Amino acid sequence: MRQTIKQAIAGSTADYTEIRIERRWLNRVLFQREKLETLESATELGGVVRCLKNGGWGISVFNDTSKIAEHIREATQMAAVVGETASQPVILADVPTVQDEVRVELEHDFRNVPLREKVDLTLSYNTLIMKESDKIVSTQVQYVDRFSEITYANSEGTYLVQELPDITMMLGAAASDGKGDIQQGMEYVGKAGGFEWVQGMEDQARMAAQRAVAMLNAKPVPGGQHTVLLDPRLAGVFIHEAFGHFCEADFLFKNPRLAEIMALGNEFGPPELQVIDAGFFAGERGNVPYDDEGVKRAKTTLVKNGHLHSLLHSRETAAKMGAQPTGNARAVSYEHEPIVRMRNTYIENGPISFDDMIKDVERGIYALDAYGGQTEFEQFSFSAAYAYEIVNGEIGDLVRNVVLSGNLFETMRSIDAIGNDRVISGGVGGCGKGGQFPLPVTVGAPHIRIRNVTIGGK
Amino acid sequence: MHPLLERTRDRVDQADVYHLQRKVLPVVFDPEGLSVIKTKQTEGVALRVLCEGRLGYSTSTDLARPEAVVEAAVATAAYGDVTDLTFPDTAIERLVGLHDSQATPPSAEQLVAIGAAIQKRLLADGSNLEVGVSVEMMTDHIRIANSNGLDTEETRSSIEIGIEATRAQSGDIFTVADSHHVRALGDVCIEDLTQRIRRLLEWGRDVVSAPSGSLPVVFTPSGTLALLLPLMMGLNGKSVLLKLSPLTEKLGQGLFDSRLNLVDDGRCVRGASAGSFDDEGVPTQTTSLIDEGQLSGFYYDLRTAQQAGVASTGNGYKGGLIGASSFRPSPSSTISSLVVGAGDASEAELIRGIKKGLLVDGVLGLGQGNLNAGDFSNNVAAAFAIENGRIVGRVKNVMLAGNCYELLRDQLIGLGDTAEWVYGKLLCPAIAVDHVNVAAK
């Protein structure tokens, strides 16, 4: 393979050429109610060539890896058409060339676990959820393991092979009161690790079921402005979705007004607020030793003492803005080109304990985990998976329909307490951007408290 | 015989092969101009097998190693779900107009010209506008073969056009996005493609304060997704089978306003997922879901249908609600083209009839809230205040909440008289409903 790739690159007439070939193995087990809904085993082999000619990009994606030279020619032709009209030719920031091979060692390598064991484990969680209550009407219990080997080479001389493992377990329960109301409960784990991470989740399975049932009796949250405590998962999703995406430099080019707001040094939150995007966190899903432009991982501080400190860059955005590439150019698969993406993004610990944070909240909402969220510029909207009332400094009744929304910048400035109990959390899906989904990432944060958050409700 | 099917002989009881060859040519413009041209030639197979009544499934793009695909499928079948599924061999009536094999496929330069024309047309209207466009030609060749004798293929082509326009002015930023799905170059009309975006930008020139309370709302065709997404889930045969749908066991009941008619039409050539057959080789059909307010049907794939003891409605698709099918996922019950019957009022008349309310064209966080129960709860992305029958400007930071089953039963004001395509999946008029909870900050 190495020889074929090197020869193909040597024959290219483009100004810059890169090739990425990916092999991927995947197993998936999904139980829904008592049924084994999906049991599949998949393999992928495919590649992508990206060429720069006269400052324009041309890309060719393929499954047939026997004709790489042909795809380079095709991509170069397309690049020339773009280069002809390009008002601002693309320049790539300089990075050191690398020759490396990154192999992973897993404690309990899921590739050596028989399919039977994966099915049985998933089934055992499914059975626990089904048995927890007669109100449980459905389940969604899914195990996925995925192992990728990525070979990357470019015309500057970089040649890399890296392995990326990924394993997830989702424990979902749906309960019904028999009168049309249906509520969900969900627990999950996602790691760049071995099979041991998805074992021993019996308590979480029962918790998911119990929560779905308890939500049936939860009262709807009153709409309006509330003081809100976010748990580490929801706070992590918030910082990723609402703020992290703004730090992606390619996004700022498309939005000049946002580029003004996102000027380095601008104030975004209290002095206790630190936000990090890290390329490595042992065993976490967002790890990328090298990004998909062959740039070595680094830790990027996005917010330092409440002020914007750095953005996330690819080689192209770094050159445009006179910055250093940060190792954030990632592609979800060989079907896509790398774009600026996050990795392990988190709010760093602050000084306050959870007890101190909640004790002076007279009335408020404690919102936990997220069922999804969306942002459009500074407008964001997130659904908490579940939530409690806070009454006189104590956690009260379970409430439902908690959808938080508002203006990102106002909301970040309204953060008035940052906890000391940070948790990094890998979901079971991933991040989506520009049609590339799901990219494994993690989010993290301690508990945080925000004043005057709009909550929709009935 | 398909070579993969050949290899399963004597090893399995039944087998079914889905083989997709896809050519895609996307050209992408960012606000500064043409930014990238891509060519994609992908090919993948999915193999479903039944061994002693158990289901196995495997997919691959490594076509040089067909034996590995068969091995993987047979291996999963050892532990697979027990089913008495029968792969179909039903006569297929061919749809016309999915692909013109005589026509030369559009070149990259022709697609670039369309993108440039869209950008120019939108920029002609005003300053402070940033316009991104993508134009993507896609040709799928699908072959489905099974051990019961089916071996069918079809070529389908389409052009997807995505447009995003952003206007930044005096501390406000307004983004409008639109997407169109056409079958061939001849169907491209720049004036039509840009019309909706131009209208929204015009309406949104001024930002005004939003009304609050229990208010009438006109959903434009693209805005109706907030209302219809929970309903699409509720009509899914799978949700009904799992008893997650509040419509379970309610066939024939008058659960909606009698003016409401809903049909799933897999044979509507303008629809993005139109084909002569679905991704399981079942002929597509027209399925009535709601007929004059009465619940008249659900949509099914083969396996769900078999479990429910009914026939597949030809809605077994390998892909989600939005976006093209892929060979990877196993087929599931999915809407093909959802057609909502038009009413008799123009959108303008619906607006004129409202003293104080909102016009909603798009929401954030689609799919949030308790969809199973029919609830939606969304922040608006593009919404406009209506005062005394007139649109007075755009509103921001407004939450909408309601329940689609309640609103479409008791609160329907009216349906627009013109249906429009939304995402190539939904053909729908404007829908006006009363008593939507509107919370403004």
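**Entry 1: β2(A) and chain B**

I looked up how β2(A) pairs with chain B and found four bridges joining β2(A) to strand β3 (residues 54-60) of chain B, the two running parallel. Strands here are DSSP runs (E, at least two residues), helices are runs of H or I of at least four residues, and both are numbered from the N terminus. Two strands count as paired if DSSP finds at least two bridges between them. I noted one bridge by residue: A:Thr43 has B:Ser60 as its partner in β3(B).

The model is predicted, so I kept its limits in view: local features need pLDDT of at least 70, side-chain atom pairs count only at pLDDT 80 or more, and totals for chains, interfaces and linings use all residues. Residues are numbered from 1 along each chain as its sequence is written, and chains are lettered from A and ligands numbered from 1 in the order in which they are written.

**Entry 2: the chain A and chain B contact**

I then took the whole contact between the chains, where 63 residues of chain B are in contact with 63 residues of chain A. Contact means that the C-beta atoms, placed from the backbone, lie within 7 Å. On the chain B side, strand β2 (residues 33-51) of chain B gives the largest share, 12 residues. That side of chain B divides into 22 nonpolar, 27 polar and 14 charged residues. Nonpolar covers Ala, Val, Leu, Ile, Met, Phe, Trp, Tyr, Cys and Pro; charged covers Asp, Glu, Lys and Arg; the others, Gly among them, are polar.

**Entry 3: chain A as a whole**

I counted 10 helices and 25 strands in chain A. Of its 458 residues, 58% count as buried, meaning that 20 or more other C-beta atoms lie within 10 Å of the residue's own, with C-beta atoms placed from the backbone. I compared the radius of gyration with the globule rule: a compact globule of 458 residues would be near 23 Å, and chain A has 23 Å, which agrees. The radius is taken over C-alpha atoms, and the rule is 2.2 Å times the number of residues to the power 0.38. The C-alpha atoms fill a box of roughly 70 × 55 × 35 Å along the principal axes.

**Entry 4: the two domains of chain A**

I found 33 residues of domain 1 of chain A in contact with 27 residues of domain 2 of chain A. On the domain 1 side, β6(A) gives the most, with five residues. The residues of that side divide into 19 nonpolar, eight polar and six charged.

In chain A I traced an open sheet of six strands, β12-β11-β10-β15-β24-β21, with mixed pairing. Its edge strands, β12 (307-308) and β21 (423-426) of chain A, each pair on one side only. Two bridges join strand β11 (residues 299-304) of chain A to β12(A), antiparallel, and A:Lys304 has A:His307 as its bridge partner there.

In chain B I traced an open sheet of six strands, β10-β9-β8-β13-β20-β19, also with mixed pairing. The edge strands are β10 (294-295) and β19 (420-422) of chain B. Three bridges join β19(B) to strand β20 (residues 426-428) of chain B, antiparallel, and B:Trp421 stands opposite B:Leu427 in β20(B).

Definitions and conventions
Buried ≥ 20, exposed ≤ 12 C-beta atoms within 10 Å, placed from the backbone.
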